[in-house]
Amino acid sequence: PSAVDLLQYNLEMNKDRLCSQLEPGKFCAKALVWGKESQDIVPDGVDLILGSDLLYNVSLETFQDLCATIQSIDASKKAKVILSVRWRKPQEERRFFEMMNSAGYEFKLMQENTDSPYECNLEWREFGNPSCEKSNE
């Protein structure tokens, strides 16, 4: 199945949990083409943008298109944007966060106390940054 089908299935399976936090019918999974206007695809009043592993293709054009798409969906800049990121090339990937920061978005590390050896405790400005003492430990 496509990623959108899987997302739609997960929404359906978790609708009871989602409805406790969101109005029924106010959540959806949509396929988006980065860099294209998305206002006609995504309804007005988006509260949450959820993305996973979106920075796998490191290029300035890709990051510009992703930034434009997020800004198009969140024209009022009121949505919470939650991204799950697996750092591969932090020096290059940090550029996306710099671009979003320049557009008025603020990203913070969401920490969950786990015993996972893969847990990261560094913010986007710190991870893989040679000038960051915490990143070089």
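**Labels and their criteria**

Mentor: Strand β2 (residues 80–84) gives the most to the lining of the second largest pocket, with 5 residues; strands (E, at least two residues) and helices (H or I, at least four) are DSSP runs, numbered from the N terminus. This is a predicted model, in which local features need pLDDT of at least 70 and side-chain atom pairs count only at pLDDT 80 or more, whereas totals for chains, interfaces and linings use all residues. Residues are numbered from 1 along each chain as its sequence is written, and side-chain values use heavy atoms, with hydrogens and water left out.

Trainee: Which residues lie nearest the centre of the second largest pocket, and what makes a residue part of the lining?
Mentor: Leu83, Val85, Lys108, Leu109 and Met110 lie nearest the centre, among 31 lining residues. A lining residue has an atom within 4 Å of a point of the pocket, which is an open set on a 1 Å grid over the protein atoms alone, with protein on both sides within 12 Å along at least five of seven lines. The pocket holds about 1,000 Å³ of space.

Trainee: Why is the contact of aspartate 53 with arginine 88 called a salt bridge?
Mentor: The closest N and O atoms of aspartate 53 and arginine 88 are 2.9 Å apart. A salt bridge requires a side-chain nitrogen of Lys or Arg within 4 Å of a carboxyl oxygen of Asp or Glu, so the pair qualifies. The pair links distant parts of the chain, 35 residues apart: aspartate 53 is in the loop between β1 (48–52) and α3 (60–73), and arginine 88 is in the loop between β2 and α4.

Trainee: How many salt bridges does a search of the whole structure find?
Mentor: The search finds 4. Among them, lysine 108 meets glutamate 106 at 3.8 Å, N to O, and glutamate 126 pairs with lysine 134 at 3.5 Å.

Trainee: Why is glutamate 126 called buried?
Mentor: Glutamate 126 has a relative accessible area of 17%. Buried means under 20%, exposed over 50% and partly exposed in between (1.4 Å probe, protein chains only), so glutamate 126 is buried.

Trainee: What makes cysteine 120 partly exposed?
Mentor: Cysteine 120 has 25% relative accessibility and therefore counts as partly exposed. This cysteine is in the segment after α4 (90–102), and its C-alpha atom is separated by 9.9 Å from that of tryptophan 87.

Key: On a 1 Å grid over the protein atoms alone, a cavity is a set of points where a 1.4 Å probe fits but cannot get out, and a pocket is an open set with protein on both sides within 12 Å along at least five of seven lines; lining residues have an atom within 4 Å of a point. Grid points are joined across faces, edges and corners, and a volume is the space filled by probe spheres set on the points.
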